[in-house]
Every structure is written in structure tokens, then in C-alpha cells.
Amino acid sequence: MKHLELHILQSVPVTCLNRDDLGSPKTAFFGGVQRARVSSQSWKRAIREYAHEISPYFEGKRTRLIIEPLAKHLEQLGKSESEALEGAKSIATEIGKLDADAEKKSGVQRVKTLHYTSDAELKALAEQYVGLSDAAKAVKKVGVGALKDAADISLFGRMVANDHSLTIEGAAMFNHPISTHKVDNELDFFAAVDDWQKEGESGAGMTGTLEFNSSVYYRFAAVNLGMLADKEHLAAMTVDKRKNVVEAFIQATLEAVPGMTESNSGRKNSMNGYTRPAYVLGLVRVKGHPVQLVNAFEQPIWNASGKGIMSASISKLKEEEEQLNKTWKLDRHQIARAVMPESNIDEFIAELVQYVE
């Protein structure tokens, strides 16, 4: 498996990047102590949204509202309004079950489960339906590998329970970022003043608490470069376009932070956690499987030296890489190695993407 790996150390200050059902920052036990954790889904969403801003190839959207755009495409292909709606529902039924309750209650026409798709795919489905006059055959005919705007679907994958032929295995993989050190969540007590409260009256207009933590996270992401170029993924693209896709993926992975976008803005203003990684190791190997370096931190980092957590975390990550190369010869099939901040981001990306197939 020819693949690209990113090993990232990033210090994030007082934040709640990813909360659980009780509103607390997510955590995990590793190495016998509690660590701060951000779910891979949370960081992946931030990466997808960031990549959408910087690249024309990341147009995938998760939605249940596929019937209306399908109908519009069918109308543009010559179907009447009623024929287009009937055809759109037929196609949607092959993808997921129609939500009849929602249509009865609010008139909204949608499927019951989120479908990860793109406008180009919906247009292709409509075109195949018009040509074949059969929704099932139209769905079988269309493949993501022929799409030019669905790089994110190819990278992040999708599961379609109603028709497994539409399921796409993601070419990218991620860990759940965890802190390199022990973390205890803390409480922030706040009070808000009532500005129209009469002079001399005491008491706050509102009080409450928020949980937060601060952490140095170890983050890991990888891309199966061979899979990305196959017919089930981005084979329809030229090599240069696939390089642009991987460039955008690397940049978004390094620069995106959960909660920093308009659609995912949890505490963006009150606990802004937008930082950049302090250390990034990028590798390309022609064989083997991506290997995390997370066990560098199985024994949690302590700030005994007074020099901070990041410096010790970088040293431990370097030691883990060296030890794994010595013991397991992981560098035997390694063809590229780039490090930030020794390189700037443009140099870092250029060193890695030259090996995209």
C-alpha cells in the first residue's frame, strides 16, 4: 500500500473543541490516565469544510434532501414537473427509504438517512435515469470514480445501507486525537450582568458553568495513494488534479480546527482555540500500512522540567519514530520524509505530493 502519513503535535489552549452529550469536553483513558480527546468525526468535518473553501474538488454534502435537486436536474433534461418528481422519488428510494412522516407533517420531501453526495453525482443519476428509464439501473451505473467534484467522498468514504454498491471505502484514515499528557477537565464559572437592572440592586442576570481543558494533542492522518487513484475513487482525474486534491487535504488537515467554522462554531468567540501545529512529520511509504506513533505518549508527558509539554512531546515523538525504524525497519520502504517547522508549509506539501499517483 503506497501511502502518505501525517503525524501532528498541536497545542490548543482553553477550549471545548468537542463535547459529549453532557456538554463536557470528550476524554479517553490511555496509559492509565485520562486524556483530552477529540473524536475523529469532529476533526474530519472541520477538514472537509476547510478543504471545500480552498479547493473546487471538495463539493460533497451530507443531506437527506436529495429529492428536490434530483427533480430539478430531471426537469432540465426535459421531464415535466410531475415526471421529474416521480423520477426523483424513484431514484431516492433506491438510495434510502422515503420519509413519509416528514412529508405528511411539513411537506418536506426527503429520505430517512443522510446521503453523502455531490451535485455532479445527482446530475449523473438524473442523466442515467432519463437514458435508461429505470431508477435501479441508473443508480448501479453511476460511480463516484467518474465524478470530478467528489474528492471528499473518495477520501472520507460513505456507507449506504440501502444499496451497498454505493458504499465507498474512504482512502483517508484518522485517529481520535488525544493529549500527550494527563488532563482533567475544569469548570469556568461565569456571571452575566443585567444592563437594565436598577441601580443599587444586587445579583447577576444569569450565572452558569462551562467545562474546558487545554492540551497538546497528537493527531494522525493518512491517505492510501493507490486507492485514491483507482476506478472506485478518483481515476477519472488526471495526476495533476489528484495532486491538487492531496495538496488541499494536507493543508486542510494541518490548518482546520473543530469549532472554528460558521457551521460548527461551538465557543468560537468565547474560547477561541484556533492554533497551528507546532510539529508535523510527513512520510510517504511504498509498502506496508500506516503506523501511528501514539505509543510515544503511552507513558504520559509530565512538565517536570518547567519547559512545557510541547518540547517533551516532540522529543518523545522523534524517539518513537527512531525506535520503530530501528526495530521494525519502517523506513525500509520510505521514499519521502518532511518535517515542519524545518520546512514551511509550501515546501512540506511539495515534498509529499510529488509521489501522488
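Reader: Is alanine 28 buried, partly exposed or exposed?

Author: In this predicted model, alanine 28 has 21% relative accessibility, so it counts as partly exposed. The cut-off for buried is under 20%.

Reader: Where is alanine 28 found?

Author: Alanine 28 lies in strand E2, residues 27–30.

Reader: And what does alanine 28 touch, not counting residues up to four places away in sequence?

Author: Alanine 28 touches Val33, Gln34, Arg35 and Arg37. Lysine 104, in contrast, is 76 residues away from alanine 28 in sequence, with 43 Å between their C-alpha atoms.

Reader: Turning to strand E1, how many of its residues are buried?

Author: Of the 13 residues in E1 (residues 3–15), 10 are buried, so the strand is largely enclosed by the rest of the structure.

Reader: Which strands does E1 pair with?

Author: E1 pairs with E9 (residues 206–224) in the antiparallel sense over 11 bridges, and leucine 4 is opposite valine 223 there. E1 also runs antiparallel to E10 (residues 279–285), joined by 7 bridges. On that side, isoleucine 8 faces valine 280.

Reader: Now the helices. At what angle do H2 and H3 cross?

Author: The axes of H2 (residues 67–76) and H3 (residues 81–95) cross at roughly 130° and come within 8 Å. The two helices are therefore oblique to each other, and their crossing is right-handed.

Reader: Which residues make the contact?

Author: H2 contributes Ile67, Leu70, Ala71, Leu74 and Glu75. Among those from H3 are Glu81, Leu85, Lys89 and Ile91. The contact residues comprise 9 nonpolar, 1 polar and 3 charged.

Methods: Residues are numbered from 1 along each chain as its sequence is written. This is a predicted model: local features need pLDDT of at least 70, side-chain atom pairs count only at pLDDT 80 or more; totals for chains, interfaces and linings use all residues. Side-chain values use heavy atoms; hydrogens and water are left out. Axes are lines fitted to C-alpha atoms, for helices over the stretch in contact, and angles run from 0 to 180 degrees between N-to-C directions. Helices (H or I, at least four residues) and strands (E, at least two) are DSSP runs, numbered from the N terminus. Angles under 35 degrees count as roughly parallel, over 145 as roughly antiparallel, 65 to 115 as roughly perpendicular and the rest as oblique. A crossing is left-handed if the near helix is turned anticlockwise from the far one by less than a right angle, and right-handed if clockwise. Contact means heavy atoms within 4.5 Å. Ala, Val, Leu, Ile, Met, Phe, Trp, Tyr, Cys and Pro count as nonpolar, Asp, Glu, Lys and Arg as charged, and the others, Gly among them, as polar. Buried means under 20% relative accessible area, exposed over 50%, partly exposed in between (1.4 Å probe, protein chains only). Two strands pair if DSSP finds at least two bridges between them.
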